[in-house]
Amino acid sequence: MKCLFVYNPVSGRGRTGKRLSKIVRALRERYGDVCVAATSERGDMTRIVRASAPLFDAIVFSGGDGTFNEALQGVCESGCSPELGYIPSGTVNDVAHSLGIPKRLRGALRVIRTGRPAALDCMKINDRYAMYIVAAGAFTSAPYTTPQSLKKQMGFIAYGIEGLKKNLRFDVFGVTLSDGRRTVRTDSVFVVLMNGQYVAGIPLNRGSSMADGKIEAALIHQRKNPGFFGKIRAFLALARLFLLGYRVREKQITRLEGSHFEIAADESVVWNFDGEKGIAGNVTVDVVPGRIRLLVPRRRDV
């Protein structure tokens with residue numbers, strides 16, 4: 001079998017490049033023929049994977065959740081379904097957490113050598129794709145506005161600092177969200193659609209599956225012009241959602257589930273796709289069932 005290994009030399013403080021020979025040796029145990037490519041700028045992962053998917057039996061890639069999203073775009077745009085392997089080396093690694101893929105290199109390589117290919121769902125948002133999260137509102141810009149240098153120095157804490165700097169105002173926006181059976185029209189400070197268990201390193205959607213053809217959505221209500229105590233109430237609702245999980249009982253939170261969502265929002269509302277800056281305004285979100293063949297731990301439920 002022919003395998004391509006693609007890695008982001010910046011992610012994970014450059015550790016992947018230093019261990020390249022070890023990674024290639026491990027990949028040869030499963031695939032035999034291994035080629036290597038490194039990204040040098042944003043978008044490279046998508047371009048490399050899109051061009052390589054028809055040529056290789058398997059593509060293994062290393063990086064954080066943003067890198068995973070770039071690889072996902074490439075696979076989906078290629079129209080092919082090579083076997084995928086993932087070596088997490090980012091700051092948070094939500095996809096890896098959701099699937100039980102270890103962050104330590106030895107464990108991730110063990111999954112690639114001995115794991116099973118699972119058919120996983122992804123999400124299509126207009127003409128883009130996301131693996132585990134589509135979100136807008138409070139704190140959702142932090143993953144893509146936090147400087148890379150700060151991530152290297154402080155890791156996950158850097159996201160919290162950036163989030164506090166940019167999001168304490170809790171901007172309110174109008175949104176209409178429909179799952180095909182129910183429509184919610186309201187003002188909100190936070191909207192999230194999930195196809196995974198972890199968000200920002202927190203098991204927000206514990207017990208969910210990436211292979212059930214379903215998305216879980218949550219929306220935090222807010223008045224158009226909230227006073228001080230209204231802002232505090234919204235902050236507490238968001239905190240309860242992240243601390244207690246998607247199923248928390250909270251009157252300011254509406255939950256929906258389905259495989260097709262239509263969302264109307266103002267052009268000032270920017271969506272976060274897997275920790276990357278996405279598009280603004282109206283979006284349609286659909287589950288793409290079983291689109292991704294990713295190696296996961298053999299006994300892991302996905």
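Here are a few notes on the fold and the surface patches of this predicted model.

1. Starting with the overall picture: the chain has 302 residues, and 55% of them count as buried.

2. The chain's accessible surface is about 13,500 Å², and carbon and sulfur atoms account for 50% of that.

3. Have a look at the positive patch. Arg15, Lys18, Arg19, Lys22, Arg25, Lys103, Arg104, Arg106 and Arg110 form it. Three helices each put in at least two residues: H1 (15-18), H2 (20-31) and H6 (105-114).

4. Where does Lys103 sit in all this? Lys103 is in the loop between helix H5 (94-99) and H6. With a relative accessible area of 43%, Lys103 counts as partly exposed, and patch members need over 30%, so Lys103 clears that cut-off.

5. There's a nonpolar patch as well, about 550 Å² of surface made by Phe228, Phe229, Ile232, Phe235 and Leu236. Phe228 belongs to helix H10, which covers residues 228-244.

6. Is Phe228 buried or exposed? Phe228 is exposed, because its relative accessible area is 59% and the exposed class begins over 50%.

Notes: Residues are numbered from 1 along each chain as its sequence is written. This is a predicted model: local features need pLDDT of at least 70, side-chain atom pairs count only at pLDDT 80 or more; totals for chains, interfaces and linings use all residues. Side-chain values use heavy atoms; hydrogens and water are left out. Patches are made of residues with over 30% relative accessible area and no salt bridge: like charges are joined within 9 Å, nonpolar side chains (Val, Leu, Ile, Met, Phe, Trp, Tyr) within 5 Å. Accessible areas come from the Shrake-Rupley method with a 1.4 Å probe; for residues, only the protein chains shown count as cover. A salt bridge is a side-chain nitrogen of Lys or Arg within 4 Å of a carboxyl oxygen of Asp or Glu. Lys and Arg count as positive and Asp and Glu as negative; His and the chain ends are not counted. The place of a charge is taken as NZ of Lys, CZ of Arg, CG of Asp or CD of Glu. Helices (H or I, at least four residues) and strands (E, at least two) are DSSP runs, numbered from the N terminus. Buried means under 20% relative accessible area, exposed over 50%, partly exposed in between (1.4 Å probe, protein chains only).
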